[in-house]
Amino acid sequence: NDSAGITIIEYASMTCPHCAAFHTGPFQTLKKEYIENGKVRFIYRDFPLDRLALAAAMMARCAPKERYYPIVEIIFRTQKNWARQADPTAALAQIGLLSGISKNTYTACVGNKEIYEGVMKIRNDGEEKFNIQSTPTIIINGKPIKGHVTVEKLRLILDSELSKLKPTKR
């Protein structure tokens, strides 16, 4: 919801186990309780920490727009499987195949300079603007959240922010 009073930006690396834990845990509750009902606007931004995370981010961007978030979700949900393979790039390409991205499209995508520069611009802008040093970094209305992000911590912050948006009775 572009008009939500609260904006959450997440910077994440697709090979980061903490990011995968956030996406399979607290994010699912966040999505159900705050995003899907329009209370919160959520923006996901890639912050690849290694070449494999960069390839995963680039592959997701090659999918049709409506498949982007489902692919990101699959990548995080299955991270323990593909990222630890003897050939994680081939395992990642297999996820692409299952998501409708052909082997040729995958190869062209991860070799595409424009997509590479787009992902790296997002990463560099985040580093510059928010001094990001680890992932996931969660930013709520421009303020980075410090420490481990739990459902309880998110609820406290978001409910407090939402209460500030409600008109006060006189």
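I take contact to mean heavy atoms within 4.5 Å. I'm working from a predicted model here.

**Fold overview.** I went through the secondary structure of the chain and got nine helices and four strands. Reading from the N terminus, I noted the order β-α-α-β-α-α-α-α-α-α-β-β-α.

**Overall dimensions.** Along the principal axes, I get a box of roughly 65 × 30 × 25 Å around the C-alpha atoms.

**Burial and surface.** I find 43% of the 170 residues counted as buried.

**Contacts along the chain.** I took the contacts with a separation of 6 or more and asked what share comes from residues 24 or more positions apart. That share is 76%.

**Charges.** My tally is 25 positive and 17 negative side chains. The centres of the two sets lie 4 Å apart.

**Thr 135.** I then zoomed in on one residue. Thr 135 sits in the loop that links helix 8 (113–130) to strand 3 (137–140). Is Thr 135 buried or exposed? I put it down as buried, because its relative accessibility is 8% and the cut-off for buried is under 20%.

Which residues is Thr 135 in contact with, leaving aside neighbours within four places in sequence? I listed Tyr 11, Ala 12, Ser 13, Cys 16, His 18 and Cys 19, plus Phe 47 and Leu 49.

Definitions and conventions:
Residues numbered from 1 in each chain as written. Predicted model: local features only at pLDDT ≥ 70, side-chain atom pairs only at ≥ 80, totals over all residues. Heavy atoms only, no water. Helix = DSSP H or I, 4+ residues; strand = E, 2+ residues; numbered from the N terminus. Buried < 20%, exposed > 50% of the residue type's maximum accessible area, 1.4 Å probe, protein only. Lys, Arg positive; Asp, Glu negative; His and termini not counted. Charge placed at Lys NZ, Arg CZ, Asp CG, Glu CD.
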